[in-house]
Every structure is written in C-alpha cells, then in structure tokens.
Amino acid sequence: MRTGKIIGNVWAERKVEELRGCLLHVVQPINADGSKSGKPLVVADPRNIAGKGDVIVYVTSTDATQAFDTGVAPVNASVVELVDSIF
Amino acid sequence: MFIARVKKVVTATEKHPAYTAKRIYVVKPVYPDGRDKGENNEWVAMDYVGADVGDIVVCGGAPGVASEVFGLERAPIRTLIMAIVDRIDYTEWN
C-alpha cells in the first residue's frame, strides 16, 4: 500500500463490466510530507470514496482486485482509504 | 519481507470495510544499521503486532495473506507489519 494524491480523472464510457460505476483516478504517489514519489498511475475507486485533490491510500497488484465486492476485476491498483491526516 | 522504520500514523474515516478498526502506518525501509534505504521509498503498512511510531519492524505480505490472518472474505491489504525488531545481528560485506 502507498499514499497518493489524486491529480485527475479518467473517463471511459466503454469499459469492462466489472468497472461499471467505478471511478478511475490519475494518482501521483507521494511521500508522507507531500513530496512527489515516482510517476503517476491510474487507480480504480470501487467505492467512489475519493475525488480530485484528495490524498488516498491505494493497494497494488493482486490485492487490488480484493477491493471489489466481487473479488474479481481487471485492475492493478485500487483506492482503499481516503486519508484524513498523516501525523 | 523488508525491515523498515515506522514513521507516521495514517488516519481515515472513509475506508474499505476491511480497514475498519485497524491501525495503519507510513513505514520507510531501512538498512540493518538503521540508515534509510533510498529517497521516495515509503510504504503504507497495516499493523498486526502492536507497533508504534519509531519502532523498527519487519513488513511483508503476499496476495491472500491478509484475508487469512484477519479472517476476512475480502481484504485489499498488501503490506502487514509482522514483527517488532529487538536486535539485528549482521555482518557487513561488500
């Protein structure tokens, strides 16, 4: 899991069934102090809990599919928490 | 698995149900002597052993491990804090 900041959205009308109703964000990985850490990536948000400008925790690889209620989705990264604060 | 130092606490209200009532930390990988292992190298890890900020810990995990240890059907959790390090015996080599 890593922290990231949502810097944009991806809109796609035609997508696989599992991603219906699921937002796709462009996320810049960040360090706890807010500095950039690596290149941006696209992260799925199965519960639609975050929006542009929010700091989130996302999970990558196989565990990203577990964020979906069905447990199956062709994703590589998913939002799991909307961060209130890091102290 | 990797050795890391617990840096900060992450708090959140909106979260995946698997994260309810669990503590998560920002951890930073370190060398056995305690030096930071590179810049821009921070991870978020879920506590499983009662670690606190400043502790040196062992982190790790694999797909499916978290759902098994927490007894959850779905657990989008990758990195677990699995041990608090008391001491590391090691030999420097090049």
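This is a predicted model: local features need pLDDT of at least 70, side-chain atom pairs count only at pLDDT 80 or more; totals for chains, interfaces and linings use all residues.
**Exercise 1. Pairing inside chain A**

Task: In what sense do β1(A) and β4(A) pair, and over how many bridges?

Solution. 
- Step 1. β1 covers 2–10 and β4 covers 55–60 of chain A.
- Step 2. Read the pairing. β1(A) and β4(A) are antiparallel, with 4 bridges.
- Step 3. Pick out a bridge. K5(A) has V55(A) in β4(A) as its bridge partner.
- Step 4. Move on to β5(A). It is joined to β4(A) by 5 bridges, again running antiparallel.
- Step 5. Check a residue pair there. V59(A) has S78(A) in β5(A) as its bridge partner.

**Exercise 2. The setting of β4(A)**

Task: Why is β4(A) described as largely enclosed by the rest of the structure?

Solution. 
- Step 1. Recall the cut-off. A residue is buried if 20 or more other C-beta atoms lie within 10 Å of its own.
- Step 2. Apply it to the strand. 5 of the 6 residues of β4(A) are buried, so the rest of the structure largely encloses this strand.
- Step 3. Look at the whole chain. Of the 87 residues in chain A, 40% are buried.

**Exercise 3. The build of chain A**

Task: Which elements make up chain A, and in what order do they run?

Solution. 
- Step 1. Count by type. Chain A has 0 helices and 5 strands.
- Step 2. Write the order from the N terminus: β-β-β-β-β.
- Step 3. The C-alpha trace of chain A spans about 35 × 25 × 20 Å along its principal axes.
- Step 4. Turn to contacts in chain A between residues at least 6 apart in sequence. Of these, 50% join residues at least 24 apart.

**Exercise 4. The build of chain B**

Task: How many helices and strands does chain B have?

Solution. 
- Step 1. Count. Chain B has 1 helix and 5 strands.
- Step 2. From the N terminus they run β-β-β-β-α-β.
- Step 3. The C-alpha atoms of chain B fill a box of roughly 45 × 25 × 20 Å along the principal axes.
- Step 4. Of the 94 residues in chain B, 32% are buried.
- Step 5. Take the contacts in chain B with a separation of 6 or more. Residues 24 or more positions apart account for 58% of them.

**Exercise 5. Strand β4 of chain B**

Task: Which residues of β4(B) lie on its covered face, and which on its uncovered one?

Solution. 
- Step 1. Sort the strand, residues 56–60. V57(B) and C59(B) form the covered face. I56(B), V58(B) and G60(B) form the uncovered one.
- Step 2. Find one partner strand. β1(B) pairs with β4(B) in the antiparallel sense over 4 bridges. Here R5(B) stands opposite I56(B).
- Step 3. Find another partner strand. β5(B), residues 80–84, pairs with β4(B) in the antiparallel sense, also over 4 bridges. G60(B) has L80(B) as its bridge partner.

**Exercise 6. Where the chains meet**

Task: Which element gives the largest share of the side of chain A that touches chain B?

Solution. 
- Step 1. Count the residues. 28 residues of chain A are in contact with 26 residues of chain B.
- Step 2. List the elements of chain A that give two or more residues. They are β1, β4 and β5.
- Step 3. β5(A) gives 8 residues.
- Step 4. Sort this side of chain A by type. There are 12 nonpolar, 11 polar and 5 charged residues.
- Step 5. Look for pairing across the chains. β5(A) and β1(B) run antiparallel, joined by 4 bridges. E81(A) stands opposite K15(B).

**Exercise 7. Confidence**

Task: Where in chain B is confidence lowest, and where is it highest?

Solution. 
- Step 1. Start with the chain. The average pLDDT of chain B is 92, and 99% of the residues score at least 70.
- Step 2. Compare elements. Helix α1 of chain B is lowest, at a mean of 89, and β2(B) is highest, at 96.

Conventions. Residues are numbered from 1 along each chain as its sequence is written. Chains are lettered from A and ligands numbered from 1 in the order in which they are written. Two residues are in contact if their C-beta atoms, placed from the backbone, lie within 7 Å. Ala, Val, Leu, Ile, Met, Phe, Trp, Tyr, Cys and Pro count as nonpolar, Asp, Glu, Lys and Arg as charged, and the others, Gly among them, as polar. Two strands pair if DSSP finds at least two bridges between them. A residue is buried if 20 or more other C-beta atoms lie within 10 Å of its own, exposed if 12 or fewer, and partly exposed in between; C-beta atoms are placed from the backbone. pLDDT is the predictor's confidence in each residue, from 0 to 100.
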